[in-house]
Amino acid sequence: MKNLLELYQTRASVRRFKPEPLRPGDLEKLLLAAQRAPTDATAQMYTLLRITDRELRDRIAQLSDNPHIAYAAEFFLVLADVYRLRRMLEFRGGVWGYWPRTAAHFAIADAVLAGSALATMAESLGYGICWIGGVLNHIEAIGELCGLPEGVFPVAGLCVGVPDEAPAPRPRLRRELVVHENRYRAYRPEELEAAYVDMRPITRSGDWYRVLSRYFAAGGTMERREPPYQRYVARAGFDPDLPAEPLKRLQAEGIEAGSLGELIEGALAQGWGAVRLQPGSAWLEPEPGGTPRGEDRPGEVLAQALLKAPKPHGL
Ligand SMILES: Cc1cc2nc3c(=O)[nH]c(=O)nc-3n(C[C@H](O)[C@H](O)[C@H](O)COP(=O)(O)O)c2cc1C
């Protein structure tokens, strides 16, 4: 077993795995580490979904555009999860509070800490690991395949297996860029220039800017992931303006929304001339009599209005 200092000095993500299972007893150690991780208020707002079904694993590998998912000895979907917590509370007669964004915040934190403890334990036992953000490429399809309930969404995947490669440690930004003291500080142009030089070894082209652009610039991977992610997380109940239940019903009617703005656009795209909101009510116009159609937060009333409104052919 590696000591932690050596592990962090040498570790690197692994993407080629030998077709071998973990050694007997090691899975137990990984899961123990995950469960011993700290969690907010000991609420354990995460679930590890261990994917053992061959077909399901292959499908997730395909949907995530990460073939190594299929070859690792173990693959987990690391889930942010307040579903179980809510069940616990309601089981004893409690009324679930309204804290959607805070729930997402702490559920992601719990999920990442549990996954990270599992990953570190795996690496200390000599296994290779690779986190998979690619599960966000088709989050809706993966959520559906895995039967995730409301209150649950994938944060990332995590591969663990016997390594079939030994990559050198990959570079990092200089310490002073990522560790600040007392007050967040501005970055000098020459520090930014130096960062591009420091990170060059992880690129094929020799230019880190090309990598950053591909992922994070306008038209990049992250921008493509955003709409389905917003919609998924909203339907899972984590958007403060959009109640999950009517959103799911609207989806069945062909209206998708991951933000209140998108819901309004959805209403207008149906042919309604205007959406009027005032505290506690929403109107879709034109419509006979202009009756208020719902009572609650704007997303709730607008969703209600859309559900109750006559179908757009009459407009
Ligand atoms: C949240 C997260 C998502 C990631 N997603 C992917 C992924 O989809 N596919 C992949 O091959 N590696 C993925 N990685 C691995 C990173 O690319 C890797 O950690 C990074 O390049 C640094 O390399 P190192 O871990 O070898 O130091 C991910 C890592 C994290 C933490």
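A residue is taken to be near a molecule if its C-beta atom, placed from the backbone, lies within 6 Å of it. In this predicted model, the ligand is surrounded by A12, S13, R15, N66, C130, W131, I132, G133, G134, A156 and R170. The residues of this shell divide into 5 nonpolar, 4 polar and 2 charged, and strand 3, which covers residues 128-132, gives the most to the shell, with 3 residues.

## Overall layout

The protein has 315 residues, of which 30% are buried, and its secondary structure comes to 14 helices and 6 strands. Taken along the principal axes, the C-alpha atoms fill a box of roughly 70 × 50 × 40 Å. Among the contacts between residues at least 6 apart in sequence, 71% join residues that are at least 24 apart.

The domain assignment divides out domain 1, at residues 4-161, and domain 2, at residues 242-314, and the C-alpha centres of these two domains lie 36 Å apart. In the UniProt record, an unreviewed entry, the feature "domain: Nitroreductase" is placed at residues 10-161. That span is 44% helix and 18% strand, and its end C-alpha atoms lie 17 Å apart.

## The nonpolar core

Which residues have the most contacts inside the largest nonpolar core? They are L79, A80 and L158, in a core that has 66 residues. Helix 6, at residues 100-124, gives the most to this core, with 9 residues. Because domain 1 (4-161) and domain 2 (242-314) both give residues to the core, it lies between them.

The surroundings of L158 can be followed residue by residue. Not counting residues up to four places away in sequence, L158 touches F76, V78, G115, L118, A119, I129, W131 and I132. Two of these partners, W131 and I132, are named in the contacts of L158 and also belong to the residues that surround the ligand.

The table gives the count of other C-beta atoms around each of them.

| Residue | Other C-beta atoms within 10 Å | Exposure |
|---|---|---|
| P310 | 10 C-beta atoms | exposed |
| N182 | 5 C-beta atoms | exposed |

P310 lies in the segment that follows helix 14 (298-308). P310 and T221 are 89 residues apart in sequence, and their C-alpha atoms are 38 Å apart in space.

Q44 is found in the loop between helix 2 (26-36) and strand 1 (46-50), and its phi is near 55°, a positive value in a residue other than glycine.

N182 is found in the loop between helix 8 (175-178) and helix 9 (189-199). Why does N182 count as exposed? A residue is exposed if 12 or fewer other C-beta atoms lie within 10 Å of its own, and N182 has 5 other C-beta atoms within that distance, so it is exposed.

How values were computed: Residues are numbered from 1 along each chain as its sequence is written. This is a predicted model: local features need pLDDT of at least 70, side-chain atom pairs count only at pLDDT 80 or more; totals for chains, interfaces and linings use all residues. Domain bounds come from an automatic or database domain assignment. UniProt positions are given in the numbering used here, feature names are shortened, and annotations may be inferred rather than shown by experiment. Helices (H or I, at least four residues) and strands (E, at least two) are DSSP runs, numbered from the N terminus. A nonpolar core is a set of buried Ala, Val, Leu, Ile, Met, Phe, Trp, Tyr and Cys residues joined through C-beta atoms within 7 Å. A residue is buried if 20 or more other C-beta atoms lie within 10 Å of its own, exposed if 12 or fewer, and partly exposed in between; C-beta atoms are placed from the backbone. Two residues are in contact if their C-beta atoms, placed from the backbone, lie within 7 Å. Ala, Val, Leu, Ile, Met, Phe, Trp, Tyr, Cys and Pro count as nonpolar, Asp, Glu, Lys and Arg as charged, and the others, Gly among them, as polar.
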